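Let's take a friendly walk through a protein model together. Have the sequence and the 3D view ready, and look up each residue as it comes along.

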Amino acid sequence: MATKKIQSALVSVYYKDNLEPIIALLKKHGVKIYSTGGTQKFIEEQGAAVIPVEELTSYPSIFGGRVKTLHPKIFGGILYRRENEGDVAQAAEYDIPAIDLVIVDLYPFEETVASGASEADIIEKIDIGGISLIRAAAKNFKDVIIIASKAQYGELEARLSAQDGGTTLEDRRYFAAQAFQVSSNYDTHIFNYFNRAENIPALKVSENKAKALRYGENPHQAAHFYGNLEDLFDQLNGKELSYNNLVDVDAAVNLIAEFPDQTAFAILKHTNACGCATAGSVKEAYQKAFAADTTSAFGGVLVTNKTVDKEAAEEMNSLFFEVLIAPEFTEEALTVLKGKKNRILLRQKMGLPGTKMIKTLLNGVIEQDKDLATESKADFKVVTKVAPTEKELDALVFAAKVCKHTKSNTIVLSNDSQLFASGVGQTSRVDALRQAIIKAREFGFDLKGAVMASDAFFPFPDCVEIAHEAGITAVVQPGGSIKDQDSIDFCDAHGMSMVMTGVRHFKH
């Protein structure tokens, strides 16, 4: 494809990192350079001639720098169509020079918001001239090439070097698309900042960083992750995270966050906990979690909220697992765990940000608040004649936390520090309970004195009847069924205790 030589350029940037090679190329090819303020000084320091924008427009930078490039001689030089006779004639009439290359970036709005700056400082970082230059140059990509971010300097340098200072139409279209990505992302973050207070019912999501995954849920499905995992984790070992790994890791860190004041360990498969426990050490918590389902733990995702030491590492080293997440690992533990090169080790640096969940559905998108409700003893309403003992209350709190993070319909059976079993994703709550009882017995748990948690109410007393037969003595559930009293009456007749929370935890 034919190349078009760059003869003039407007360069006005906030960040000047790695700009030097571009300026050297423009100087080499005799490109006329227009610039402003600090960028002008920087270019001059590179030994290149610069025409100040003020000289072109006959206007100084005014209003504290808010207005510098907003002028017909700048925007006319970018926007006029080189093959349109009327545009060419008007450009000549008003002495508007052509501008073939625009290099501009935007004030750091996102970074300023993230820094906790005052609203006055944040507002000043809403770019006006830069965003307008980007849109104008991208619109006229047939004649103008736009570089809208320092991240694109390297690509521009490579193309100009290979094409003797020229660009192709393909180049200009490509950079125009990149420019509109930059501008749309910028506007999205500005809108979302203002919408914190206004709560306009509009969904704006923009993520700049995309990572191609090996495949999606299955090998025939392509997949990407959009976001910056490096903010959340340091990967210390292992292969790249897969789509399914990421889904399970998300479930794991959400579950373990329910135990901030205890040493906890959980093992997850397909987003459900097949083991979860608290104990005095990571090793002991792992042993208890593993005991809940020694079969399903194979190939699972492991997570803890405390430092993994050598003793814990040696204990879990014989298990084949995909991922282990912890806030820290001792050097001795890493030596043990890195013995298997594909084993993924993640150091979690922060909790999960955000309070919203988004999912594509049908021909649109659904959004909801995250389920951030976690019930404590203070939230329990005793509805039976017999109240739970203090130990049973502790067990009910534990069971409810695990239940909240398990696919519906679900039933969770536990004591105060160890998951015994759960029935997950069943179409009937009775089936979920029966599944949990079978699994608990399969792995050697005596359910006498155990507790039961349900993610939603019991429409009939059948679940408490089955639970009683299994030896369960205390139950936590949201309540809200028109037949709640039937379940309460059965508990009262059989010496069981029941508490209600008023909060349902469906998880689809």
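On the surface, Leu-203, Val-205, Ile-358 and Val-365 form a nonpolar patch, with about 350 Å² of accessible area together. A patch is made of residues with over 30% relative accessible area and no salt bridge; like charges are joined within 9 Å, and nonpolar side chains (Val, Leu, Ile, Met, Phe, Trp, Tyr) within 5 Å. Accessible areas come from the Shrake-Rupley method with a 1.4 Å probe, and for residues only the protein chains shown count as cover. Leu-203 sits in the loop between helix 10 (169-198) and strand 8 (210-212). Helices (H or I, at least four residues) and strands (E, at least two) are DSSP runs, numbered from the N terminus. With a relative accessible area of 44%, Leu-203 is partly exposed; buried means under 20%, exposed over 50%, and partly exposed in between (1.4 Å probe, protein chains only).

A word on the model itself: it is predicted, so local features need pLDDT of at least 70 and side-chain atom pairs count only at pLDDT 80 or more, while totals for chains, interfaces and linings use all residues. Residues are numbered from 1 along each chain as its sequence is written, and side-chain values use heavy atoms, with hydrogens and water left out.

Next, the salt bridges. The structure holds 21 salt bridges, each one a side-chain nitrogen of Lys or Arg within 4 Å of a carboxyl oxygen of Asp or Glu.

| Pair | N to O distance |
|---|---|
| Lys-73 and Asp-95 | 3.8 Å |
| Asp-100 and Arg-82 | 3.5 Å |
| Arg-429 and Asp-455 | 2.2 Å |

Lys-73 lies in helix 4 (residues 72-79) and Asp-95 in the loop between helix 5 (85-93) and strand 5 (101-104), so this pair ties together parts that are 22 residues apart in sequence. Asp-95 counts as exposed, at 55% relative accessibility. By contrast, Asp-100 and Arg-82 are both buried. What about the pair of Arg-429 and Asp-455: where in the chain are they? Arg-429 is in helix 16 (residues 429-442), and Asp-455 is in the loop between strand 21 (451-454) and helix 17 (462-470), 26 residues apart. Arg-429 is buried at 10% relative accessibility, and Asp-455 is buried at 1%. Salt bridges that share partners also join Asp-234, Glu-328, Arg-347 and Lys-349 into one network.

Cys-491 is buried, with 0% relative accessibility.

Now to Phe-490, which lies in helix 18 (residues 484-493) and is buried, with a relative accessible area of 16%. Leaving aside neighbours within four places in sequence, Phe-490 is in contact (heavy atoms within 4.5 Å) with Val-464, Glu-465, His-468 and Met-496.

Finally, look for an open sheet of five strands in the order 4-3-2-5-6, with parallel pairing. Two strands pair if DSSP finds at least two bridges between them. The edge strands, strand 4 (51-52) and strand 6 (145-147), each pair on one side only. Strand 3 (residues 32-35) pairs with strand 4 in the parallel sense over two bridges, and Ser-35 stands opposite Pro-52 in strand 4.
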